[in-house]
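Please read the following report alongside the sequence and the coordinates.

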Amino acid sequence: VCMFQLVVSNNVLKIYLSPLNIRYQTLRNEVGCQTLAASLDDYTRELELAGFKIVAATDKSDDWMSYTKRRVENMESKRSEIAPIIGEDVYDRLLRFYSTVADLYQGKNLGGLEVFAQKPLGW
C-alpha cells in the first residue's frame, strides 16, 4: 500500500490566551501566528480527522525552550558579524522576533511538537 507520510514540527499553545491578552497579540502581530492548536492532543486529533494515522507525536517544548534561548544568545553574540551583512534594521527585527519567541517559550505560553503521521494514498 502506498502511503503519504507527513512529518511536522510546529508550535502549539500551552495555555488558553484570550484575544485581549498581550501574549496573544504578540503571537499574532509579532510572530505571525494567526492560529495555533491548543495542545498536542488537539493537533493530532485534527490530523486524525483528516484521515491520518498518528505514528508518533512528541512534546518538544523543553527542547525548543532551550533552543530558542540559545538562538537569541547566539544572535546577540554575533551582532558585529551579522548586522553589517544583513543591515542593522533587519538584524534588530530578527533579534526582536527571536527574543519574542524565546520569551513565549520561557513563559510556557508556547510549546513545540513533532508529529509523524501516515495516510494511505487515495483516502
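## Overall architecture

Of the 123 residues of the chain, 33% count as buried, where buried means under 20% relative accessible area, exposed over 50% and partly exposed in between, computed with a 1.4 Å probe on protein chains only. The model is a predicted one, in which local features need pLDDT of at least 70 and side-chain atom pairs count only at pLDDT 80 or more, while totals for chains, interfaces and linings use all residues. Residues are numbered from 1 along each chain as its sequence is written, and side-chain values use heavy atoms, with hydrogens and water left out.

The chain contains 5 helices and 3 strands, these being DSSP runs numbered from the N terminus (helices H or I with at least four residues, strands E with at least two). In sequence order, their pattern is β-α-α-β-α-α-α-β. Among the contacts with a separation of 6 or more, 78% are made by residues 24 or more positions apart, a contact being defined by heavy atoms within 4.5 Å.

Confidence is expressed as pLDDT, the predictor's confidence in each residue on a scale from 0 to 100. The mean pLDDT of the chain is 84, with 80% of its residues reaching 70 or more. Among the elements of the chain, the lowest mean pLDDT, 70, belongs to helix H1 (residues 22–31), and the highest, 97, to H4.

## Salt bridges

The structure holds 5 salt bridges, each defined as a side-chain nitrogen of Lys or Arg within 4 Å of a carboxyl oxygen of Asp or Glu. Some of these pairs are listed here.

| Asp-63 | Lys-60 | 3.0 Å |

In the salt bridge of Asp-63 with Lys-60, Asp-63 counts as partly exposed because its relative accessibility is 42%, whereas Lys-60 is buried at a relative accessible area of 19%.

Asp-92 is partly exposed at 36% relative accessibility, and Arg-79 is partly exposed with a relative accessible area of 30%.

Asp-89 and Arg-93 are both exposed.

## The contact of H4 with H5

How are H4 and H5 oriented to each other? The two helices pack at an angle of about 120 degrees with their axes 6 Å apart, the axes being lines fitted to C-alpha atoms over the stretch in contact and the angles running from 0 to 180 degrees between N-to-C directions. H4 and H5 are therefore oblique to each other, given that angles under 35 degrees count as roughly parallel, over 145 as roughly antiparallel, 65 to 115 as roughly perpendicular and the rest as oblique.

On the H4 side the contact is made by Arg-79, Ile-82, Ala-83 and Ile-86, and on the H5 side by Glu-88, Val-90, Tyr-91, Asp-92 and Leu-94. The residues of this contact divide into 6 nonpolar, no polar and 3 charged, where Ala, Val, Leu, Ile, Met, Phe, Trp, Tyr, Cys and Pro count as nonpolar, Asp, Glu, Lys and Arg as charged, and the others, Gly among them, as polar.

## Individual residues in strands and a loop

Ala-117 lies in strand E3 (residues 110–120) and is buried, with a relative accessible area of 0%. Ala-117 and Ile-54 are 63 residues apart in sequence, yet their C-alpha atoms are 4.4 Å apart in space. Not counting residues up to four places away in sequence, Ala-117 touches Phe-4, Gln-5, Leu-6, Phe-52, Lys-53, Ile-54 and Val-55.

Ala-57, in strand E2 (residues 53–59), is partly exposed, with a relative accessible area of 36%. Leaving aside neighbours within four places in sequence, Ala-57 is in contact with Leu-40, Thr-44, Glu-114 and Val-115.

Lys-108 is placed in the loop between H5 and E3 and is partly exposed at 46% relative accessibility. Although Lys-108 is not a glycine, it has a positive phi of about 60 degrees. Most residues other than glycine have a negative phi.
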